[in-house]
Amino acid sequence: MAQKLKFDLVSPERLLLSEEVDMVVLPGHEGDLGVMADHAPLITTLRAGWLIVNPKSGYDGERIFVRGGFAEVTPAGLTVLAEQALRPGEIDGPLLDAEIRNAEEDVKDAKSDETRLRAQYKLDQLREVRSAL
Amino acid sequence: MASLKDLRNRISSVRSTQKITKAMQMVAAAKLRRAQEAAEAARPYASRLGRVLANLTAGMAGRADGPRLMVGTGKDQVHLLIIATADRGLCGGFNTSIVRLARERINRLVAEGKTVKIICVGRKGREALKRLYGGMIVQTFEMGHIKQIGYAQAEDVAAKVLSMFEAGEFDVATLFFSRFRSVISQTPTALQIVPATLDAPESAGLAADLNGAIYEYEPEEDEILAELLPRNLTVQLFTAMLENAASEQGARMSAMDNATRNAGDMIKKLNITYNRSRQAQITKELIEIISGAEAI
């Protein structure tokens, strides 16, 4: 591949990645999308899911879990602002299970529809991470 | 005149106080470095988010039907003050100066007949305000048990603020915190966060950046904006809390440095007094012996 894409992954607490890559697959709000060099300028929100750096064939690139946030594509490169970004190794299994149990209780105990929806959303996100481990 | 024993006790007590202040200074210096690093690490996120928001809002400017977090409720009757202070004292005028700024604002708002609500982030702020304005405090968030302020803490506070806003419990929110300038200088700052005040859109610079191209939005601009504004609020809170943490450690460091130096001066003075009175006593004893010998 001739051209490289400048890719920055930023979470509120730190700058995770800043490197030249061939391609990044983003979990966009309206479906996954691949970004390569010279992509049209774009701003999209992200859903919770896996961001894949440099996939070769299928989904076997470096995977990073992102939760909430958005991506900005400019001619200068791609910037992903994720509310939370974790490498697979940083996701703590037992802690995650405990969180899932907590979230399940939250869904059960929710008093209003709004809080239940929010808890359910959180639970779904957590389950998604768990299943992908 | 104090006896020799009293002086000795005094000196040793000042010396142990000096050891404590010296240790606190060094701990604060170490924590300051970490707090500064954390504040530095959070900067790219905040600045990029600000840039995207400025770009988005430029297109929305002047529209009355924009998100309420941006255009406000159209009133300014109920004010929410979010006062971020430290959880611990012994950091010079750090807490006092934030509280003083907030108190001036409260008094002015009350004089204008506005309703004031307060959210305290950090224990010291509540302690200083509860006597006069106890009834106005809605909630207090304590950070004492947390070593390193994370995004999760800012999310907690933001969730509370947002749910209050959705319930229509306030019209304008202002955040009080201390901006970190340097180790010896921290400025208490008031920042209005609802309705959002965004930096003037640098549309000229952005357009050049894009070579005249226009962003595609996915989903629609309004939806993205509606999602980004609450996030921006959280990030502003997070940045403020990190700045506050750095300021606190900076303030504590210089306060403890002063205290250590004062203790040193005090020890020096006490030592001189001690040596003088010891000398005086020896001289007195000698005179007594000599005059006793002469008398025989």
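Select D8(A) and R48(B): their side chains form a salt bridge, 3.3 Å from N to O. The term covers a side-chain nitrogen of Lys or Arg within 4 Å of a carboxyl oxygen of Asp or Glu. The rule finds two salt bridges across the interface of chain A and chain B. This is a predicted model, where local features need pLDDT of at least 70 and side-chain atom pairs count only at pLDDT 80 or more, while totals for chains, interfaces and linings use all residues. Residues are numbered from 1 along each chain as its sequence is written, chains are lettered from A in the order in which they are written, and side-chain values use heavy atoms, with hydrogens and water left out.

**The interface**

Now show the whole contact (heavy atoms within 4.5 Å). Chain A gives 29 residues and chain B gives 28 residues. Together they bury about 2,500 Å², 59% of it on carbon and sulfur atoms. Buried area here is the accessible area (1.4 Å probe) that two parts lose on being put together, summed over both. Pick P12(A), I43(A) and E83(A) next: they supply 25% of the area that chain A buries against chain B, more than any other three residues.

**A strand pair between chains**

Select β5(A) and β6(B), residues 216-218: they pair in the parallel sense over three bridges. Strands are DSSP runs of E, at least two residues, and helices are runs of H or I, at least four, numbered from the N terminus. Two strands pair if DSSP finds at least two bridges between them. L42(A) has E216(B) as its bridge partner.

**Inside chain B**

Go to β1(B), residues 78-84, where seven of seven residues are buried. Buried means under 20% relative accessible area, exposed over 50%, and partly exposed in between (1.4 Å probe, protein chains only). V78(B), L80(B), I82(B) and A84(B) point one way, and H79(B), L81(B) and I83(B) the other. L81(B) stands opposite I118(B).

**Salt bridges along the helices**

Select E40(B) and R43(B), a salt bridge at 3.3 Å, N to O. They sit three residues apart in α1(B), residues 4-60, so about one helical turn separates them. R43(B) is partly exposed, at 44% relative accessible area.

Move to α7(B), residues 221-295, where E248(B) and R252(B) are four residues apart. Their closest N and O atoms are 3.2 Å apart in a salt bridge. E248(B) is buried at 11%, and R252(B) is buried at 7%.

End at D87(B), R123(B), K124(B) and E127(B), linked in a network of salt bridges.
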